[in-house]
Amino acid sequence: MKWWNSKIRVFLLTVVLCLSFVTQANAQSEYERRMYNYQTRWSKLIPKYTKVQFAGGMGFLSLGGGWNYGKNKQWETDVLFGFIPRYSDEKVRATFTLKQNFIPWNVKLGKDFSMDPLSCSLYANSVLDGDYWASAPDKYPNGYYSFSTKIRFNMALGQRFTYHFPVDKRRTRKSVTFFYEIGTNELYLISAFCNSYLKPNDYLHLSLGLKVQIL
């Protein structure tokens, strides 16, 4: 009988140890899953490319980064900071631009080159200066200014040309893209419709840029 009780104790101890190991393994596995999900969510916030853009209704020169996504990476969101130099105004002014791009299709041009025949952009630009305002100050009569002097809403169409670095030469960048855009803003567009004497160069602006794909 003592021999039988000893067997039962060993069996029960074995079961407890096994359950303990399984519970610990599940807890560790759950922790690893949580950490993986946590790191994955934060990694999505890392910009996938850097971009520099000249003109375009967002200042003399703008620099920033962004994210491309979608099944074929056809969507982009840019965050850009720029400046208006002193010679264009009485003092240097900083600008901020939030830009959304859509690239419908891509055409291969040989092994390492490609072209985007069309890019479509919508973006809002703001001058980061107290001299500009989103709504007219009280000193102006009601309705005197119907538009904000601080924020401009822009639209643009353009094309892109990309060089894709061979896999063995990718160190800090994946590809480099040159692009140009022709655009306007809501004020210029209204002026163009209301004033037939205006020419395209009065309400359209040309922008040049360079995008370096990192991830």
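Trainee: What should I know about the model before we start?
Mentor: The model is predicted, so local features need pLDDT of at least 70 and side-chain atom pairs count only at pLDDT 80 or more, while totals for chains, interfaces and linings use all residues. Residues are numbered from 1 along each chain as its sequence is written, and side-chain values use heavy atoms, with hydrogens and water left out.

Trainee: How many aromatic pairs does a search of the whole structure find?
Mentor: Six. Rings of Phe, Tyr and Trp (its six-membered ring) pair if their centres lie within 6.5 Å; planes under 30 degrees apart are stacked, over 60 edge-to-face, and the rest tilted.

Trainee: Why is the pair of Phe60 and Phe83 called tilted?
Mentor: Their planes are at 55°, so the pair is tilted, with the ring centres 5.8 Å apart. Phe60 is in the loop between β1 (49-55) and β2 (61-69), and Phe83 is in strand β3 (residues 75-84). Strands (E, at least two residues) are DSSP runs, numbered from the N terminus.

Trainee: Which residues form a cluster through ring pairs?
Mentor: Phe54, Phe60 and Phe83.

Trainee: How accessible is Phe60?
Mentor: Phe60 is partly exposed at 33% relative accessibility. Partly exposed lies between buried (under 20% relative accessible area) and exposed (over 50%), using a 1.4 Å probe and protein chains only.

Trainee: New topic. Which charged end sits over the ring of Phe165?
Mentor: That of Arg173, 3.9 Å from the ring centre. The rule is NZ of Lys or CZ of Arg within 6 Å of the ring centre and within 35 degrees of the ring normal.

Methods: Helices (H or I, at least four residues) and strands (E, at least two) are DSSP runs, numbered from the N terminus.
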